[in-house]
Amino acid sequence: MFPPQSDVFKKLIAHCKEYGFVFPSSEIYDGLGAVYDYGQNGVELKNNLKKYWWDSMVLLNENVVGIDAAIFMHPTTWKASGHVDAFNDPLIDNRDSKKRYRADVLIEDLLAKYDEKNQKEIDKAAKRFGDKFDAEMFRQTNPRVLENQAKRDEIHTRFVKALHDNDLAELKAIIEDNEIVCPISGTRNWTDVRQFNLMFSTEMGSTAEGATQVFLRPETAQGIFVNFLNVQKTGRMKIPFGIAQIGKAFRNEIVARQFIFRMREFEQMEMQFFVRPGEELKWYEYWKEVRLRWHQALGLGDHKYRFHDHEKLAHYANAATDIEFEMPFGFKEVEGIHSRTDFDLTSHERYSGKSLKYFDPELNQSYVPYVVETSIGLDRTFLSILAGTYAEEDLGNGDSRVVLKLPPALAPVKVAILPLVKKDDLPEKAQEIMDMLKFDYKCFYDEKDSIGKRYRRQDAIGTPFCVTIDHQTLTDNTVTIRHRDSMEQERVAIEALSEIIGKSTSIKELLKKI
Ligand code: GAP
């Protein structure tokens, strides 16, 4: 369940719309639940993010290659993967508000409340005791903290067991015993908990021919599994190796009022890494660290990320963790790293009747490889970046600005070209500069309003550089370049611009930090 939208989150959603990042889908018809469109700035940011991920996989790792599989797959794929039988969420309805919730999320939120309560106690005590404060000792001895922790642990143990046993009645009992109320109606008038399959289906072929029910893929991973041998053989890949893919996935989400955090149509960037049986946990640890560094390289603050190991392992996993980011509404999953064993390939072998074994020349032996998966949500990462970089700054003298301090390599527009006035040949000179830079960088030309207002518009979309063309430019071919974060301006030669912009906006700079 999602807490009431914090002010900053509401502002972020409004900002996304006002500045062309994200619009509700088919808005003129009042939108469609949990479906969104990316606008002119959103798509640039998203494409940059894709490139950052793609290059980090297929450029930095010579043993990782990419594919682009179709969204539609043979329906048996989803039987083999377990999605037809097990891709369910436990649902509960509140009879008064008529709102539907995920029972597990209601309980997870309750657990998070206990954690928050204890953290508050600890923070309060830390302030009181200053440097001498020992948080661990306080945790182990403070009666209020101990009592909260005991309650939390008891709920947690019941919850994990209920999930493990697939015990829907027990999930409801946990909700009732802990007096969890519907945030809308405030009542505890709950229905029973039921399972709900999240896959969308449609029909392929005309009814005259006999249509087949097909599913919109709920994850991109299966397109990789079914192509495992195609890629291995045609690419002469040796284990360990990985296959990366970026693409749309679809889930009929129940809790769907979280902007682009939980969508019904979204995009995943997944990589399946095929390894020798028995080596999967070593590679799982390896990819956990690499993926965390990928996120941290964005510079939003290392403390904003944490690992969260899964309480209940998915049907295919023997180890799983999430990389969570501190959103305005708490720490939330942006990426999953799963050790998927040989579940998928073995299951596809069984259902298709085709061997998916790999012959390992070093071991002189054939086996079904084990798989470590990294699976990141593009939209969630997009949201984490906006949330982590949105700032309202007081500039003094009653002046303020909203600025997106985006990593320059991801910024939708790299440089704004601004003639100081709309006359005296300055627009023509500005156009010349634009023509010089536009082959390498997304530029934006703006001659409307005061220069201050134009700077603010660029700050709001995260443009790292503004180049101003003034009368001096016509005499000595220099311009002022303004840096978004410091707002400092320097006078530089026009020929120096490309290098200055390139240095800090290239994806390479991000990749080098991983
Ligand atoms: N192949 C594994 C897999 O799909 P997952 O944890 O279900 O694992 C991976 O999804 C990532 O996809 C999540 O970490 C999240 O970032 C993203 N994701 C999942 N469901 C989503 C949704 N409804 N809306 C937006 N992103 C979603």
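Leaving aside residues up to four places away in sequence, E393 touches D399, S400, R401, V403 and K405 (contact here means heavy atoms within 4.5 Å). This is a predicted model, where local features need pLDDT of at least 70 and side-chain atom pairs count only at pLDDT 80 or more, while totals for chains, interfaces and linings use all residues. Residues are numbered from 1 along each chain as its sequence is written, and side-chain values use heavy atoms, with hydrogens and water left out.

E393 itself sits in strand β17, residues 390-396. Helices (H or I, at least four residues) and strands (E, at least two) are DSSP runs, numbered from the N terminus.

Now to a sheet. Three strands line up as β5-β4-β6 in an open sheet with antiparallel pairing (two strands pair if DSSP finds at least two bridges between them). β5 (100-102) and β6 (194-197) stand at the edges with a single partner strand each, so one side of each has no neighbour in the sheet. On average, neighbouring strands here are turned by 50 degrees against each other, direction ignored. Axes are lines fitted to C-alpha atoms, for helices over the stretch in contact, and angles run from 0 to 180 degrees between N-to-C directions. Strand β4 (residues 88-93) is joined to β5 by three bridges, and D93 stands opposite R100 in β5. Helix α5 (residues 103-129) packs on the sheet, touching β4 and β5, and its direction makes about 65 degrees with that of β5. Helix α8 (residues 168-177) also packs on the sheet, where it touches β4 and β6.

What about the ligand? It is surrounded by 21 residues, the closest being E219, M263, E270, E333 and V334 (a residue counts if one of its heavy atoms lies within 4 Å). A ligand nitrogen lies 2.8 Å from a backbone N or O atom of M263, and a ligand oxygen is 2.9 Å from an N or O atom in the side chain of Q268. β13 gives the most to this shell, with six residues.

Terms used: Polar contact = N/O pair within 3.5 Å; in protein donor to acceptor, adjacent residues only side chain to side chain.
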